[in-house]
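Visitor: I have not looked at this one before. Can we go through it piece by piece?

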Amino acid sequence: MNEVVVTALGIKREKKALGYSVQEIKGMEMQTARDASFINQLSGKVAGLNISSTTGGPGSSSRIVLRGVTSLSGSNQALIVIDGVPMENNTSNNTTQWGGRDYGNGLSDINPDDIESISVLKGANAAALYGSLAANGVIVITTKKGTASKGIGVTFNSSTTVELPYIHTKFQDVYGAGRNGQFEGPWTMVNGIPTYNTASANAFGSWGPKMEGQTIRDWDGQVRAFNPEPDNYKSYFQTGVTGVNNISLQGGNDKVTYRLSAGNFTTKDIVPNTTLNRTNVTARTAAAISEKLSIDVSVTYSHQVAENRLGLANSFSAPRNYVMMPRNISAASLENYMMDASGKEKTWFTNWNWMTNPYWQRKYELNSDSRDRLIGIVSASYQILPRLRGMIRSNADFNFRRNDEREAYNGISNSLGSFSNGWSTYKQYQSDFLFTYDNQITDDLTYVLNLGGSTLQKRDETTSEKTDGGLAIPYFYSIENSVNRPTVSHRLTESRTNGLYSFVQFSYKTWLFLDVTARNDWSSTLPKSNRSYFYPSVSSGFVFTEALDWKQNILSFGKLRASWAQVGRDTDPYRTNYSYPAAGSFNGAPMYQLDPSIPLLNLKPEITSNIEFGTELIFFNNRIGVDVTYYRSITKNQILPASVSASSGFVNAIINSGEIMNKGIEIQLKTKPIETKNFRWNLDFNFAHNKNEVIALTNGLETYQLFYQWNLTVEARPGHAYGDIVGYGIKRDANGNKLVDENGLYIRDSKPKVLGNYNPKFTGGVQNGFSFKNFSMAFLVDYRVGGDMFSGTNMYASGYSGNLESTLEGRDAWYASEADRIAAGVSPENWVATGGYLADGVTESGAVNAIYVNPELYWGQFSEWTNEIHEEFIYDASFVKLREVTIGYQFPSRISDRMHLRGLSVALTARNLWLIYSGAPNIDPESSYSNGNGQGYEIYSWPTRRSIGVNIKITL
């Protein structure tokens with residue numbers, strides 16, 4: 001009831017005094033069952049917080065969204081603040097629907113062993129003081145300090161886990177390569193033996209005969225039995241291993257404290273030749289220079305090296321390969337015959353260069369990247385007068401990234417080979433000050449008055465180089481080895497935001513609290529006329545059980561809270577004037593082109609207005625706690641690029657238009673069903689429901705497109721929730737029945753329509769914690785109900801390849817019917833099939849469909865290129881996951897004392913252990929091709945990593 005939490009600007013306050021919702025997670029929860037990015041460990045633990053990541057391997061970026069999306073085209077991710085200072089958390093992800101890699105984001109540079117606590121400030125009400133950066137809420141991370149003690153305290157924390165591929169795809173292992181249930185398509189008969197032709201346009205998929213040990217000459221020229229390879233995808237992966245080790249030293253006295261920490265994260269991924277190594281070093285010291293002056297200095301350095309990050313979406317990847325590859329092709333043949341005698345890549349499909357050998361890919365198509373980061377924070381606090389103190393703080397965040405990519409010479413994708421590299425330097429400087437004056441108006445009424453300001457400067461410089469025309473010397477990967485003049489590009493962006501703010505906190509006795517804030521920002525990314533923008537907030541908390549002197553065992557604590565706030569947001573640099581970015585070179589001379597976006601000379605900031613009401617109730621002396629919040633936010637003056645006519649010479653125009661609303665409810669329930677001397681059971685629930693609506697766009701703009709591929713789009717439409725999935729469906733009659741044509745196949749809608757929306761109806765988690773003497777056990781169940789997704793994996797594994805179990809229906813019956821037809825000597829057009837796949841639907845005359853069709857044609861109708869029917873592969877994205885399990889033992893002091901230790905504990909850990917329920921077959925329903933705004937689209941996802949390990953913590 002007197003819990004203290006960290007709020008905006010790093011200020012610690014009693015939770016009961018706040019007029020808005022704050023949820024805090026202790027750092028120790030991040031330090032046992034680990035993830036490559038610790039923020040993923042918050043999934044399911046905080047109401048209203050949605051965290052997702054791509055399947056791009058260790059160190060992939062995380063998408064962090066609080067209370068729904070607020071911006072049509074800008075970032076919707078929460079601001080990350082460390083020790084009161086905003087940090088750069090840009091996502092280094094070049095993935096589009098056509099492929100790319102996820103290089104992670106800045107948050108993964110933080111060592112979880114250095115974290116003291118994490119406060120989640122969900123709405124603008126809680127985050128308003130952070131200004132333009134905080135429209136999407138804030139994750140406040142407070143790091144550990146040294147403590148005064150005798151001697152040096154040493155803590156060693158070590159975890160080792162094994163990573164296993166959690167493969168959801170249910171492949172069929174009945175039919176192999178071919179067409180129409182026969183050795184057709186890629187097969188030709190040579191001396192009576194079916195011989196596979198890799199150059200055939202039909203050399204993909206499994207629509208051939210049953211695999212029953214027939215003699216064939218396979219794709220690699222070897223004669224072998226035509227048998228299923230049920231483990232050919234599974235055998236591509238290995239057991240990954242991750243090791244995390246951290247050692248910290250701390251100590252000091254009543255004048256000076258210090259803490260040193262060094263940690264290393266090393267993982268060998270489930271995909272061979274894919275690794276990540278990260279080292280973190282942190283030093284922090286705090287000193288009381290005098291009775292009035294104190295300083296706090298911290299420095300964090302992070303170095304990370306990743307080898308061979310995985311390709312996503314339509315990259316040349318193993319998932320794409322196995323989705324399309326016939327089920328009779330073995331992993332051994334791919335691995336043993338990836339290269340011919342001349343050094344050229346060999347694989348089972350060579351008709352186009354869009355399908356590389358997955359073993360060649362992981363051995364010769366290589367990439368690497370590194371990141372060095374240095375964060376320094378210096379703050380000083382001075383007691384100017386007995387009731388007046390001042391604080392100044394300065395921060396520098398330097399981030400240097402480098403990456404290179406090598407396309408193998410003699411490879412199918414690029415036989416000439418190529419090499420590219422790039423590097424970027426990001427620098428962020430922030431300085432702020434804060435004066436705080438506290439006083440009493442009466443014995444019962446006190447106030448704290450604060451006045452502060454900040455300046456934030458960003459500089460982002462990026463350079464990239466790529467060979468042109470191939471490699472002059474084969475296998476020598478260097479920019480200087482380019483056949484033609486290399487392509488070079490360079491980009492520099494700079495911006496600055498200055499802000500002044502004030503806030504006052506009134507307290508009446510111990511049960512009524514009022515906070516008022518005001519902030520004004522000046523942004524360099526906006527035009528001079530709109531560069532300055534102001535926004536206020538007000539919040540109040542009323543502890544009615546203390547006000548009314550209710551001292552009951554049933555209701556131990558009761559509080560009501562309410563708040564209103566506004567937050568402004570600027571935009572990216574250089575959107576208010578015409579610019580001329582680099583456009584390559586011509587005959588050795590550099591070229592520049594007019595930016596295809598028409599700037600808006602009178603651009604205004606986005607403004608988010610938010611109201612919030614809530615209550616916190618504690619029953620039976622802290623045995624049951626309930627926290628309920630209702631909120632509503634509206635974001636206006638959306639800054640977005642709107643498409644314009646090509647005749648203008650531009651692609652789009654920057655406009656101020658659009659309005660998005662979010663409203664919802666969050667519930668946190670904490671209980672202690674059993675609490676005895678030796679046994680305790682904690683059972684916590686959290687629930688969040690958010691309703692999102694795009695209220696308006698601009699005149700003449702009916703929809704704003706977030707994503708497009710193969711006639712499928714993800715859009716924002718007025719009157720709908722942000723994130724409509726729009727594509728082609730099956731035509732229906734007035735009664736909603738699916739319509740089939742005279743051939744028994746579906747009739748495609750003439751126009752695209754809304755097929756679903758990716759926003760869930762509600763999300764939450766259930767945490768159980770048990771302790772018996774020195775033993776403990778905890779597990780977390782994470783769930784999402786509602787929301788839709790489109791699966792390209794299912795569409796192509798069905799329509800193109802017939803590799804899924806679901807494509808088996810009707811095959812035997814169709815092939816039996818065809819055998820009867822041929823035996824009877826009847827042509828196909830004069831034969832009425834006696835079996836096959838019977839589409840569920842009616843004819844346009846209203847008769848129930850009774851025409852059996854070849855399952856190959858049935859499934860193929862959905863994935864016909866440029867004529868797709870997406871509806872069949874829209875799925876419910878609901879899931880229930882056993883996200884985290886820990887079983888631990890704290891050695892009693894009598895044992896640790898004998899070992900001259902202050903503490904010793906050991907725990908078994910697991911993450912992503914079990915997908916209990918999924919509404920989407922064959923894939924992880926959390927899969928997405930990227931972490932951008934165009935969610936709800938999945939294609940060729942890598943398997944989820946399931947980790948199981950052990951954690952040991954020693955304190956000296």
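Visitor: Let's start with alanine 313. Buried or exposed?
Guide: This is a predicted model, and in it alanine 313 counts as buried, at 1% relative accessibility. The cut-off for buried is under 20%.

Visitor: Where is alanine 313 in the chain?
Guide: Alanine 313 lies in the loop between strand E20 (293–307) and helix H2 (318–324). Its phi is positive, about 55°, although alanine 313 is not a glycine.

Visitor: What about tyrosine 475, what is its phi?
Guide: Tyrosine 475 has a positive phi of about 70°, and this residue is not a glycine either. Tyrosine 475 sits in the loop between strand E24 (445–471) and strand E25 (482–508). At 46% relative accessibility, tyrosine 475 counts as partly exposed.

Visitor: How many bridges join E24 to E25?
Guide: There are 24 bridges, and the two strands run antiparallel. In that pairing, arginine 459 stands opposite glutamate 494 in E25.

Visitor: And what comes with E25 on the E26 side?
Guide: E25 is joined to strand E26 (residues 512–523) by 12 bridges, again antiparallel. Asparagine 498 stands opposite tryptophan 522 in E26. E25 and E26 form a hairpin with three residues between them. Lysine 509, in the turn, has a positive phi of about 50°.

Visitor: Switching to helices. How many residues of H6 are buried?
Guide: Eight of the eight residues of helix H6 (residues 792–799) are buried, so H6 is largely enclosed by the rest of the structure. Among them are Met795, Tyr796 and Ala797.

Visitor: What covers the buried residues of H6?
Guide: The cover includes H2, strand E44 (788–791), helix H8 (855–860), strand E47 (874–876) and strand E50 (937–938).

Visitor: Three strands in that list. What sheet do E47, E44 and E50 form?
Guide: They form an open sheet in the order E47-E44-E50, with mixed pairing. E47 and E50 stand at the edges with a single partner strand each, so one side of each has no neighbour in the sheet. H6 packs on this sheet and touches E44, E47 and E50. The direction of H6 makes about 40° with that of E44.

Visitor: In which sense do E44 and E50 pair?
Guide: E44 and E50 pair in the parallel sense, over two bridges. Serine 791 stands opposite glutamate 938 in E50.

Visitor: What about an open sheet of four strands, what is the order?
Guide: The order is E38-E39-E40-E41, and the pairing is antiparallel. Strand E38 (704–709) and strand E41 (753–757) stand at the edges, each with a single partner strand, so one side of each is left without a neighbour. On average, neighbouring strands of this sheet are turned by 30° against each other, direction ignored.

Visitor: How many bridges between E40 and E41?
Guide: Strand E40 (residues 724–727) pairs with E41 over four bridges, in the antiparallel sense.

Visitor: New topic, aromatic rings. How many pairs does a search of the whole structure find?
Guide: The search finds 53 aromatic pairs. One of them is phenylalanine 349 with tryptophan 352, an edge-to-face pair with 6.3 Å centre to centre and 80° between the planes. Phenylalanine 349 counts as buried, at 0% relative accessibility.

Visitor: Which residues form a cluster with Phe349?
Guide: One aromatic cluster takes in Phe204, Trp348, Phe349, Trp352, Trp354, Trp710, Tyr796, Tyr800 and Tyr940.

Visitor: Now the whole chain. How many helices and strands?
Guide: The chain has nine helices and 51 strands. Its radius of gyration is 31 Å, close to the 30 Å that the globule rule gives for 956 residues, so the chain is as compact as a globular protein of that length. The C-alpha trace spans about 105 × 75 × 65 Å along its principal axes.

Visitor: What share of the residues is buried?
Guide: Of the 956 residues, 53% count as buried. The chain exposes about 40,000 Å², and carbon and sulfur atoms supply 55% of that area.

Visitor: And the contacts, what share joins residues at least 24 apart?
Guide: Among contacts between residues at least 6 apart in sequence, the share is 69%.

Methods: Residues numbered from 1 in each chain as written. Predicted model: local features only at pLDDT ≥ 70, side-chain atom pairs only at ≥ 80, totals over all residues. Heavy atoms only, no water. Pairing = 2+ DSSP bridges. Axes fitted to C-alpha atoms, helices over the stretch in contact; angles between N-to-C directions. Rg over C-alpha atoms; globule rule 2.2 N^0.38 Å. Buried < 20%, exposed > 50% of the residue type's maximum accessible area, 1.4 Å probe, protein only. Contact = heavy atoms within 4.5 Å. Areas by Shrake-Rupley, 256 points an atom, 1.4 Å probe, with all protein chains shown as cover. Phe/Tyr/Trp six-rings, centres within 6.5 Å; stacked < 30°, edge-to-face > 60°.
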